[in-house]
Amino acid sequence: MNITLKIWRQKGPNHVGAMETHKMTEVSGDMSFLEMMDVLNGNLIREGKEPFAFDHDCREGICGSCSMFINGEAHGPGRNVTTCQLHMRSFKDGETIHVEPWRSAAFPVIKDLSVDRSSFDRIIQAGGYVSVNTSGETIDANAIPIPKHDADEAFDAATCIGCGACVATCKNSSAMLFVSAKVSQLSLLPQGKPESKQRVIRMVDQMDLEGFGNCTNTGACEVECPKGISITNIARMNRAFLSSNLTSK
Amino acid sequence: MALTGLFLCLFLVGHLLGNLQLFVGGEEGREAFNNYAQFMTTNPLVKVLSYLTYAGIIFHIVDGFVLTIQNRKARPVKYVVEKGNLNSSWASRNMAVLGTILLVFLVSHMQSFWYVMHFGDIEIVDGVKDLHSVTVDFFNPAINNLAAVMTGLYVFAMLSMAFHLNHGFQSAFQTMGINHPTYTPVINFVGKAFSILIPAGFASLPIYLFIIQS
């Protein structure tokens, strides 16, 4: 198949970017989107031009590195897929495909399609952990009985790969789905309960500090999330945030 | 936004129930409506409620503006291509626009009726201010040249309110942390019904008054 690509080109964080057009021929429908980008970059290198910078790592849909906004959607068309799991057969022959980086004040562009998502790391550092005694007396996690329903909900939340699609797709660049998934994953389990109050307050405060927008419940995040994280997590976090602020001293 | 929004939903119910008296015709209707208007502007308990409503509206507006500015700042560079319609409802993405339409409507609406009732030059009939005539005449093409335009604008404003409520009602519960496999579908259903019935009820009045007087 033949396609026309319009890809965001931006030299560095302080440069102004613009869309650049490239035509590609003989693209196989079985290629992943990233493989197609590899071929394009190979062509550009052979022509002595600058390849496009983009993030990728596992290419198995679990690392959360790939971060392209394709044809107006985070990770492109299709549901529950990351860009690396998106195949060219999802596009039509002759189609024009727009490829942009995640756009958010909290995710500054490093170069082209690559953005700095360390704001997510700082949110995790603020409270997204469980303090465990590792002196050698560590209790086996499986020794504590956990209701099946809680375990399932915690696991569903834990499938978040921190890719940032929720922020990218939210019209307000809100990080509520990511933060609420992390808060839920830890706070639903007994090991995470002792720190649950301070965790939600600290993580939400850090989220606000990073310059993410506010949640207006459009629900776009849960639709575009490659792991299908539900916005019920956001409601849970809102509950926890409210009650923690009311009850913590 | 959630708390003030839901509080204002209660106000809408009260306001609509009062307005529905305009469907009662003749002298009887006029008397009932004017006595009701008199009660609504003088009863101390209603006064407290009305000040709470003013505060609620102002807070809702200011909060809305502040949040919208923050949200715009959170994405300084816009997408070249963005397909929000594939993942969210139009109303949910345009609450600020819909709210602004409602604000313009509110100012005009309060100037037409609230201001006249409180501070305007209004006729006294049977010892009470005749707000009934002010209202009925407002939508009478023989008295108000702009009656047709006003009726159209009122219906347009109520359509905006329908979309605003359609997202706002259920969204308020999510913000307050209420999301439950059994209750949320009920909330969504009530919200949908509310967002259709309340604006339809309000819009029916100018349409009715305009038609019977044309």
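Me: Between which two helices of chain A is the loop in which A:Ser173 lies?
Reply: The model here is a predicted one, and in it A:Ser173 has a positive phi of about 55°, although this residue is not a glycine. The loop that holds A:Ser173 runs between two helices of chain A, namely helix H4 (165–169) and helix H5 (176–187).

Me: Does A:Ser173 count as buried or exposed?
Reply: A residue is called buried when its relative accessible area is under 20%. The value for A:Ser173 is 0%, and therefore this serine, in its loop between helix H4 and helix H5 of chain A, counts as buried.

Me: Does B:Asp126, which has a positive phi although it is not a glycine, count as buried or exposed?
Reply: The phi of B:Asp126 is about 55°, and the residue is found in the loop between strand S1 (124–125) and strand S2 (128–129) of chain B. A residue needs over 50% relative accessible area to be called exposed. At 65% relative accessibility B:Asp126 passes that cut-off, so the aspartate counts as exposed.

Me: Which residues is B:Asn140 in contact with, leaving aside its neighbours within four places in sequence?
Reply: B:Asn140 sits in the loop between helix H6 (131–138) and helix H7 (147–175) of chain B. Its relative accessibility is 11%, and so it counts as buried even though its place is in a loop. Once the neighbours within four places in sequence are left aside, its contacts are with B:Ala147 and B:Gln213.

Me: How many disulfides are there over all chains?
Reply: A disulfide calls for two cysteine sulfur atoms within 2.5 Å. The sulfur of A:Cys66 has that of A:Cys84 as its nearest cysteine sulfur, at 4.0 Å, and A:Cys66 is in no disulfide; this cysteine is also buried, at 4% relative accessibility. B:Cys9 is likewise buried, at 8%, but the closest cysteine sulfur, in A:Cys215, is 18 Å away and therefore too far for a bond. Over all chains the count of disulfides is zero.

Me: Which strands stand at the edges of the open sheet of chain A, each with a single partner strand?
Reply: The sheet has five strands with mixed pairing, in the order S2-S1-S5-S3-S4. An edge strand here has a single partner, so one of its sides is left without a neighbour in the sheet. The strands in that position are S2 (18–24) and S4 (73–74).

Me: What is the bridge partner of A:Ile7 in S5(A)?
Reply: Strands of a sheet pair through backbone hydrogen bonds, in either a parallel or an antiparallel sense. Strand S1 (residues 3–9) and strand S5 (residues 96–101) of chain A pair in the parallel sense, over four bridges. In S5(A), the bridge partner of A:Ile7 is A:Val99.

Me: What area is buried between domain 1 and domain 2 of chain A?
Reply: Chain A is divided into domain 1 (3–111) and domain 2 (117–247), with C-alpha centres 29 Å apart. The contact brings 23 residues of domain 1 together with 21 residues of domain 2. On the domain 1 side, A:Asn80, A:Ala106 and A:Phe107 lose the most area, together 32% of what that side buries. Carbon and sulfur atoms give 53% of the total, and the total itself is about 1,500 Å².

Me: Which side chain does that of A:Arg79 meet in a salt bridge?
Reply: The count between domain 1 and domain 2 of chain A is two salt bridges. In the salt bridge that A:Arg79 makes, the N to O distance is 3.3 Å, and the partner side chain is that of A:Glu224.

Me: How many salt bridges are counted between chain B and chain A?
Reply: The contact takes 27 residues from chain B and 38 residues from chain A, and the two chains bury about 2,500 Å² between them, 49% of it on carbon and sulfur atoms. B:Arg75, B:Tyr79 and B:Asn87 supply 24% of the area that chain B buries against chain A, more than any other three residues. Between chain B and chain A the count of salt bridges is zero.

Me: What pattern does chain B follow, read along the sequence?
Reply: Buried residues make up 40% of the 214 residues in chain B, and the C-alpha atoms of this chain fill a box of roughly 60 × 35 × 30 Å along the principal axes. Chain B has eight helices and two strands. Along the sequence they follow the pattern α-α-α-α-α-β-β-α-α-α.

Technical notes: Residues numbered from 1 in each chain as written. Chains lettered and ligands numbered in written order. Predicted model: local features only at pLDDT ≥ 70, side-chain atom pairs only at ≥ 80, totals over all residues. Heavy atoms only, no water. Buried < 20%, exposed > 50% of the residue type's maximum accessible area, 1.4 Å probe, protein only. Pairing = 2+ DSSP bridges. Domains from an automatic or database assignment. Contact = heavy atoms within 4.5 Å. Buried area = accessible area lost by both parts, 1.4 Å probe. Salt bridge = Lys/Arg side-chain N within 4 Å of Asp/Glu carboxyl O.
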